[in-house]
Amino acid sequence: MRNGPAVRRRKLGGELRRQRELAGLTSLEAAHSVGWHQSKISRIETGSSGVKSSDVALLLDAYGVSDPELRALLGALCGAGTADAEGARRGWWYAYRNLLPPAYLDFISLESEASRLRTLETTVVPGLLQTPAYARAVTRAALNDPPPEQVEKLVRVRMARQSVLRGDSPLELCAVLDEAVLRHEVGGREVMAGQLRHLVETGSLRHVRLHVLPFSSSGHIGITGPFVIFSFPRIADLDVVVLDHLTSSLYLERKEDLRAYGAAFTTLRAHALSHENSLDFIAGINDGA
């Protein structure tokens with residue numbers, strides 16, 4: 001169990017080591033090719049030290065890695081969203097770096113490069129599925145009535161995050177929602193009605209699957225609390241589980257953790273309503289059923 005940056009450093013280092021070995025280079029040869037000391041390669045590959053995105057690009061050039069998707073993914077793992085000033089790609093969230101805590105920036109950067117996201121939510125609608133009005137109400141409640149300008153900036157970030165659900169290669173999202181998420185009137189009846197309509201509309205997207213876990217469901221193991229499982233294109237070893245707490249996020253990366261949470265999600269989904277029945281269920285709540 002680690003914090004986000006530590007997980008990313010280890011995963012990035014492991015993948016860079018794999019790419020070096022695929023290129024047929026020893027760590028000493030790799031170091032000579034980029035003009036570094038061998039110890040720097042070792043620290044990067046073990047995740048014991050951070051690495052600038054420009055250095056990652058230099059290593060990938062030395063290893064002959066030209067795949068733009070892989071380079072973008074590894075750039076995200078080194079924190080390209082808060083990149084150094086040497087020209088590395090910055091994520092859209094860079095403009096908000098002074099507003100958002102590092103853990104949130106880290107979460108957003110992973111989210112932007114993931115190919116699939118599985119999530120269990122027990123209290124609120126997932127951020128990627130929230131309306132502006134709902135996000136505004138959640139933000140006010142979570143931060144104990146902050147200044148209006150801060151709320152609006154955070155809502156803009158929440159809405160910008162949802163861009164991962166659009167485009168040519170959108171994020172594949174599968175969410176299991178406890179019925180309580182749909183029953184709790186966040187922001188009042190009108191705000192919640194709009195949110196429920198939005199869930200039904202977004203649920204019609206081919207890459208979004210919603211599953212409601214009704215109160216009547218047996219075998220409910222959601223008492224473990226909400227969690228997110230990120231999966232990445234082509235590199236299964238980069239998968240990670242994220243658990244949110246009041247003041248921090250914890251990242252679980254061990255294979256046994258991934259298996260346990262993957263199995264838990266599969267069980268929850270099996271006990272939940274089908275996607276089609278879930279959309280009907282949500283619409284029925286909105287209609288007063």
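**Rings, a buried aspartate and a helix pair**

Let's start with the rings: there are three aromatic pairs here, counting rings of Phe, Tyr and Trp (its six-membered ring) whose centres lie within 6.5 Å. One of the pairs joins Phe230 and Phe232, with 6.4 Å from centre to centre and 40° between the planes, a tilted arrangement (planes under 30 degrees apart are stacked, over 60 edge-to-face, the rest tilted). Phe230 and Phe232 are both buried, that is, under 20% relative accessible area with a 1.4 Å probe, protein chains only. Ring pairs also link Phe107 with Phe230 and Phe232 in a cluster.

Before going on, note that this is a predicted model, where local features need pLDDT of at least 70 and side-chain atom pairs pLDDT 80 or more, while totals for chains, interfaces and linings use all residues. Residues are numbered from 1 along each chain as its sequence is written, and side-chain values use heavy atoms, without hydrogens or water.

Now look at Asp55 in helix α4 (residues 53-62); helices are DSSP runs of H or I, at least four residues, numbered from the N terminus. Asp55 has a relative accessible area of 12%, so it is buried. Leaving aside residues up to four places away in sequence, Asp55 touches Trp36 and Lys40, a contact being heavy atoms within 4.5 Å. Lys40 in turn lies over the face of Trp36, 4.0 Å from the ring centre (NZ of Lys within 6 Å of the centre and within 35 degrees of the ring normal).

Finally, α5 (residues 68-77) packs against α6 (residues 102-113) at about 170°, the axes 9 Å apart. The two helices are therefore roughly antiparallel, as angles over 145 degrees are.

Conventions: Axes fitted to C-alpha atoms, helices over the stretch in contact; angles between N-to-C directions. Parallel < 35°, antiparallel > 145°, perpendicular 65-115°, else oblique. Buried < 20%, exposed > 50% of the residue type's maximum accessible area, 1.4 Å probe, protein only.
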